[in-house]
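Visitor: Hi, could you walk me through this one? I'd like to ask things as they come up.
Guide: Happy to. Here it is.

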Amino acid sequence: MASLCSASLLFPASERCMSMFPTEADVLGSVTNAAFSMKNWTKHGLDPSFGGRPYPYLEDYRRLDGHPLRREMVFSHSYESVRKGIISSIKWGFPTGGRPGGPWRQFSAAFRSDLLEEMVQQFRSNRNICGSHLISRLNSAVPGVGTATTTKIAYFAGLTTADGACMIYDSMVRRAIAVSPWPEFQALRQTINSRSADLSIKQQLDTYPQYLRGLNDGAARRGVQPSQIELFLFNQGRLLPARR
């Protein structure tokens, strides 16, 4: 776990200072890798599990090769097409072409999943669903595609729950919350710190509504948007060691 010293460095006393948070323009322009690399996604297009048939919109990404894939572009793709939004959400979030450790076939399957697309489309018109249930349903669509991926898909698709608008919930933000002194995350922080490793899949689902409410409350208290808090937490989490 990170030390109290780490917490004081990552969360300075002047937390109300607007300059400590990314701007809304920073959020829309943020990337997970400096440049999109098409070669990292070649195997997905040739996946023998699907007869080597290309996934939808594959050719649209060739012109992005070597250029940054920004959040604002993923939002645009999501409103152009639910399926393209799913593909771009994954490519934005996992620029190496696979999950940590290398697994990638789950993403290949997600690119071609009619069920995942149908679920996202259905949830766009249901704004009163519990956040835990929404993400649990998305997680069930493609085996191996879990919360770190589906919350990105839900965020870029503009899905909203009874607990607030969907936001990205991955290990990076949880690392930061683990050392955060912010009162909005007190209960969630206690859950995260109840174990040395990252939260289990069930715990991730159970705590997602707490996370959304914490983002909304924290953003309102500081006069910023929840997405600004989320990106701040993500950036802080990248400075911390993995919880194992």
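Visitor: Which residue follows α9, and what is its phi like?
Guide: α9 is followed by G158, which has a positive phi, near 75°. Before we go on, this is a predicted model, where local features need pLDDT of at least 70, side-chain atom pairs count only at pLDDT 80 or more, and totals for chains, interfaces and linings use all residues. Residues are numbered from 1 along each chain as its sequence is written, and side-chain values use heavy atoms, with hydrogens and water left out. Helices here are DSSP runs (H or I, at least four residues), and strands are E runs of at least two, numbered from the N terminus.

Visitor: Thanks. How many residues of α9 are buried?
Guide: In helix α9 (residues 147–156), 9 of the 10 residues are buried, so the rest of the structure largely encloses this helix. Buried means under 20% relative accessible area, exposed means over 50%, and partly exposed is in between, with a 1.4 Å probe and protein chains only.

Visitor: And which ones are they?
Guide: The buried residues of α9 are T147, T149, T150, T151, K152, I153, A154, Y155 and F156.

Visitor: Let's go inside. How many residues does the largest nonpolar core have?
Guide: That core has 67 residues, and those with the most contacts inside it are I90, L134, L138, L159, Y211 and L233. Helix α12 (residues 201–222) gives the largest share of this core, 6 residues. A nonpolar core is a set of buried Ala, Val, Leu, Ile, Met, Phe, Trp, Tyr and Cys residues joined through side-chain atoms within 4.5 Å.

Visitor: What does I90 touch?
Guide: Not counting residues up to four places away in sequence, I90 touches W41, F107, A110, F111, T149 and I153. Contact means heavy atoms within 4.5 Å. T149 and I153 are among the buried residues of α9.

Visitor: Is Y211 buried or exposed?
Guide: Y211, in helix α12, counts as buried, at 0% relative accessibility. With residues up to four places away in sequence not counted, Y211 touches M167, I168, Y169, V173, I177, F185, L188, E230 and L233.

Visitor: Switching to helix packing. At what angle do α10 and α13 cross?
Guide: The axes of helix α10 (residues 171–179) and helix α13 (residues 226–237) cross at roughly 85° and come within 7 Å. That makes α10 roughly perpendicular to α13. Axes are lines fitted to C-alpha atoms, for helices over the stretch in contact, and angles run from 0 to 180 degrees between N-to-C directions. Angles under 35 degrees count as roughly parallel, over 145 as roughly antiparallel, 65 to 115 as roughly perpendicular and the rest as oblique.

Visitor: Which residues meet there?
Guide: From α10, M172, V173, R175, A176 and I177 meet E230, L233, F234, Q236 and G237 of α13. The contact residues divide into 6 nonpolar, 2 polar and 2 charged. For those classes, Ala, Val, Leu, Ile, Met, Phe, Trp, Tyr, Cys and Pro count as nonpolar, Asp, Glu, Lys and Arg as charged, and the others, Gly among them, as polar.

Visitor: How about α5 and α7, what's their angle?
Guide: Helix α5 (residues 82–93) and helix α7 (residues 114–123) pack at about 105°, with their axes 9 Å apart. These two, α5 and α7, are therefore roughly perpendicular to each other. V82, R83 and I86 of α5 make the contact with D114, L116, E117, V120 and Q121 of α7.

Visitor: One more. Is R112 buried or exposed?
Guide: R112 is buried, with a relative accessible area of 15%, and lies in the loop between α6 (105–111) and α7. Leaving aside neighbours within four places in sequence, R112 is in contact with H44, G45, D47, F50, R53, P54, Y55 and R83.

Visitor: H44 is on that list. Where is H44 placed?
Guide: H44 is in helix α3 and is buried, with a relative accessible area of 0%.
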